[in-house]
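Me: Please walk me through this structure, one question at a time.

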Amino acid sequence: MLKNKNLQYILFTAFWLPFGIIILLYGGLLNADSKPVLLNEDKTIPPFLLETSHRAKSMLKNLSLEQKIGQMLIINAIQNGKQLSIDELTNLVSKNHVGGIIFHHDSVFRQTELLNTCQLIAEVPIFIAVDSFWNFNSQLQKFPNAQALGAITNEATIYELGKFIGKEHRAAGINMVFNPSLNVISTISNQQIKKNSFGELANNVAIKGFSLMAGLQSEKVIAVAGHFPGHGNTKADSKNTLPIMASDYNYLDSIDLYPFKHAINNGLSAVLTGHLSFPLITNHENSVSSLLPELVHNILLDSLNFRGLVIADNLDSKALLTHGNREELAIKALLAGNDMVVSPANVAQTINRIKIAVEKGEILETEINTRVLKILEAKDWLGILKNKAISSEKLSTANSEEEAELLNRRLIENSLTLVKNEHNLLPILRPDTLNSAAIAIGTNEITEFQNFLNTYTKTELFSLRFDDSKTIFNAMNSIVSKYNLLHISIHITNDASANFGISTNAVRFINMLASKTKVTLTIFGNPEALNLFEINKIQVVLLAYTNTPVSNELAAQLVFGGIPARGRLPITLGKHFPAGFGIDTETTRLKFTVPLELDLNSEILSRIDTIINEAIKNKVMPGAQIVFAKDGKIFYRKSFGHFTYDTLQQVSNSDIYDLASLTKILATTPTIMRMYEQGQIDLDAKLSNYITVLDTTDKNEITIRQVLAHHTAMAAFIPFYIKTLKNKKPNPHYYQSDSSELFSIKVAENLYLHKAYSDTLFTRVYNSKSDGKKIFRYSDIGFYILQKIIEETNKKPIDLLVQSNFYGPLGLSSIRYNPLYSFEKERIVPTENDKTFRNQLIQGYVHDFGAAMLGGVAGHAGLFGNATDVAAYMQLLLQHGEYGGLRYFNKETVELFTSCAYCNDKNRRGLGFDRPAKDNNSYRVPSADVSQLSYGHTGFTGTMVWNDPAEKLVFVFLSNRICPDIGNDKIIKLGIRAKVQQVVYDALKNPISKEKRSNNPS
């Protein structure tokens, strides 16, 4: 056995151990809700020691002493800043029988051929290790740093990260990962150590470290936890110098060792011993922990009963410059209790020096055998004693880009930490009460954070660089003075610079704005930047830890309630925000995510792209917007094609379409629903009760309910414009090219209708003929009448009513009547090149002729909007009248209006809403697979919305299929909208296996 045990230290450990156990138990109680994975029944035993390895024992017998010593060495593939050549590496492996090779993380995935060569020529298969203490990256994704992961309260996501990394590494031939870092930081830790630690709470570090370890080991990868006995309580980094630790034994036992105890008690495979100095424990400032039996053997092996692999950190570290040559350091490391050493000097000389030590009795050969057997048992558990070859195909199929993207999003989403939220400002409830702007500082571009804020509601966007002058900051101060809510985001790119690169001008600017208006401050990067600002003046503080497009997007979603806040501070910030602090919020609005989160196969969903692109090619429509949401999550949101077939302007997600008859369920029906709840109308009352002139018409017995269900036999529509034409052109008696007091109804560009004509139009509506039968006949006429009832009852135009009652509070800034009053023309998709009435390309004016002759505002048509905002309103209905934290309708009202009103009379319609035919295969829309609970509507311009409560599914399809020709009915004949909808139902029938992702460690 090894010599030099310290009896005094053993007694000291025995005295303090019970207190450590009490602290450990208390820490377990703090996480009573956590359910970490137990890798084996006797969870203290590393998994590779659970079964006796006869293969390892047999192999050991056939090894020479030199070969056994070689197994205890891990060579570094990077030496003197350069990777060794394949010849140098294979020579070391074949001649010196080394136990392993360690690579730097960034280079290893490109070297499958090299790894395979080294593994195949090794007489004893080798550990292929990677040093990833400072990142969690894979070949597919750059994941958040450890500090961000330390903010996560759901350790299942950390386990999933470990499993993902383990699976990918193993497929690449990497079987040993130097991770997790179990360093508990302190206030004196430097920024590099802080960023690469799970934080300053020992229990938090323990839980996160164990979860990562468990994920790695579940994929049969050796997890090497470092840096024992704890590298957090120092300013120095052992890469550069010997860190002097400020820990006494009490601190060491209760803080630094705590995460190691937790991991060891749950089956940790390997520990990396760090090159650290503990003068308060060893009474010597230059002693190195990795070389001390008192710390390695007595504490790690004896007191903590660790039975896995013990590996000494790089012997070429600058921390060891004054502690002897590397051959002697290898001897000291083995004497201290390490099983293996990383980066010895001359490998052959090191093996020879250790052999001499064995011959001299400094190290017993039986001890060498015990350690090498442990190494071989670990390799047998990995399976490499049986099969050394690496399949290059495995790496490409181990994980998908979609899995990497989803995991990254989940990690970031769970890490976002809200530390201040005065008056519960977040998530924002009433965007219409706020005049908002977003200022990104640290960039000269508009960020994803700003873009997504603007997706939820209208927000003016500005950006400033840190190095902008005081004059520029002052000018911006004046520009944004009119706003009553400012979303300020800090985008840090260089943590190492003074104040994280944040200029004094930027700090002064933010503090000044916060003193006079509401400010939300989001920091993308190092959270300690928060200490620069006068936090007492700022209403909301959100920490995002990393500055990536995904973190920007998700932070904006949190602001509006697309996702909840769940993060907790991994470190203490100033006097007011202790480690472990965080404020929770709830989900109130649609979330934007990826299909995999809902187990939907993107390959199946890609058929939508094929259908639409083929349709555009065949001139079914010039372009389209499509949104699908399930379970309150938008998983598909794309725009296709162009405004017109000239392909000059591409369609974007923010562009606005003429919604046509969707107006019926987006404006008129919800207003009737609201009036019904408020007792303003009776659904079974006659229309003539509200418009007395109808007493003398054939509509005197028709009820509001019947109109909503199109159960009236009224005419489908009236071509009002025909009687206003002369020689097939607008009659000057009715129209002028310039507006005036008399000609005030704007029908199109340079075309104004006489203001009296609206009365004429409604007279024609009232006197239009019905055949008197109460049967289903789709009609616009009834919705003209409903508009009149709404406006006369409320003494307010319908466009103002829906804006104040729905679109404003919901934040649906793109849904408008007469969009040219609110948006640039370039953002509005044209509908028809009208050659029968207005003789121009209709862009920004309602296409429907009757709605146009009412000035663009009607009950049956007139609304414009984008698919995202329309989806939000449809989600409100799917959620039984509640959205954004506010209730707009009672559940019973939504159910009443979306249910079949006259099923016994062979009318499938609800009140305002269309519903599927019972024999839906014969109906062009919706898809044949929608449930009988579903409802929606279509629009003449090529639009459609459809909710399916059975699947919690929202579908929005917007297009301008009649551009340029109103006679283009290919979208109907080819059933394009139903085909697109059907793709998602096909995906729902074929979900991606959750077992494959295995995202639940419990």
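Me: Is C118 buried or exposed?

Reply: This is a predicted model, in which local features need pLDDT of at least 70 and side-chain atom pairs count only at pLDDT 80 or more, while totals for chains, interfaces and linings use all residues. Residues are numbered from 1 along each chain as its sequence is written, and side-chain values use heavy atoms, leaving out hydrogens and water. Buried means under 20% relative accessible area, exposed over 50% and partly exposed in between, with a 1.4 Å probe and protein chains only. The relative accessibility of C118 is 1%, so this cysteine counts as buried.

Me: Which residue does a disulfide join to C900?

Reply: A disulfide here is a pair of cysteine sulfur atoms within 2.5 Å, and by this rule the count comes to one. The S to S distance is 1.9 Å, and the residue joined to C900 is C903.

Me: The peptide bond from C963 to P964 is cis; where is the place of P964?

Reply: Omega of this bond is near 10°, and at 3% relative accessibility C963 counts as buried. Elements are DSSP runs numbered from the N terminus: helices are H or I with at least four residues, strands E with at least two. The place of P964 is the loop between β34 and α33 (970-973).

Me: Where is P229, given that the peptide bond from F228 to P229 is cis too?

Reply: Omega is near 0° for the bond from F228 to P229. The place of P229 is the loop between β7 (222-228) and α11 (249-256).

Me: Which residues have the most contacts inside the largest nonpolar core?

Reply: A nonpolar core is a set of buried Ala, Val, Leu, Ile, Met, Phe, Trp, Tyr and Cys residues joined through side-chain atoms within 4.5 Å. The largest one has 124 residues, and a second, separate core of 122 residues includes Y456, I790, A852 and V945. In the largest core, the residues with the most contacts are M176, F178, I222 and I311.

Me: Which residue of β10 is the bridge partner of I74?

Reply: Strand β1 (residues 73-76) is covered on both faces, with L73 and I75 buried on one side and I74 and N76 on the other. Two strands pair if DSSP finds at least two bridges between them; β1 and β4 (residues 100-104) pair in the parallel sense over three bridges, and there N76 stands opposite I102. Two bridges also join β1 to β10 (residues 340-342), which run parallel. In β10, the partner of I74 is V342.

Me: Which strands stand at the edges of the six-stranded open sheet?

Reply: The pairing in this sheet is mixed, and the order is β17-β19-β18-β34-β33-β32. Each edge strand has a single partner strand, so one side of each is left without a neighbour in the sheet; these strands are β17 (591-592) and β32 (935-939).

Me: Which residue of β33 stands opposite Y935?

Reply: Strands β32 and β33 (residues 943-948) pair in the antiparallel sense over five bridges. Opposite Y935, β33 has N947.

Me: Is A713 buried or exposed?

Reply: A713 has a positive phi of about 60° although it is not a glycine, and its place is the loop between α26 (704-708) and β21 (725-726). N424 also has a positive phi, near 50°, but N424 is exposed, with a relative accessible area of 61%. At 0% relative accessibility, A713 counts as buried.

Me: How many residues apart are F228 and F260, which form an aromatic pair?

Reply: Rings of Phe, Tyr and Trp (its six-membered ring) pair if their centres lie within 6.5 Å; planes under 30 degrees apart count as stacked, over 60 as edge-to-face and the rest as tilted. A search of the whole structure finds 25 aromatic pairs. F228 and F260 are edge-to-face, at 5.2 Å centre to centre with 85° between the planes. The pair links F228 in strand β7 with F260 in helix α12 (residues 258-264), and the separation is 32 residues.

Me: What is the centre to centre distance of the pair Y734 and Y757?

Reply: Y757 counts as buried at 5% relative accessibility, whereas Y734 is partly exposed at 23%. The pair is edge-to-face with 85° between the planes, and the centre to centre distance is 5.7 Å.
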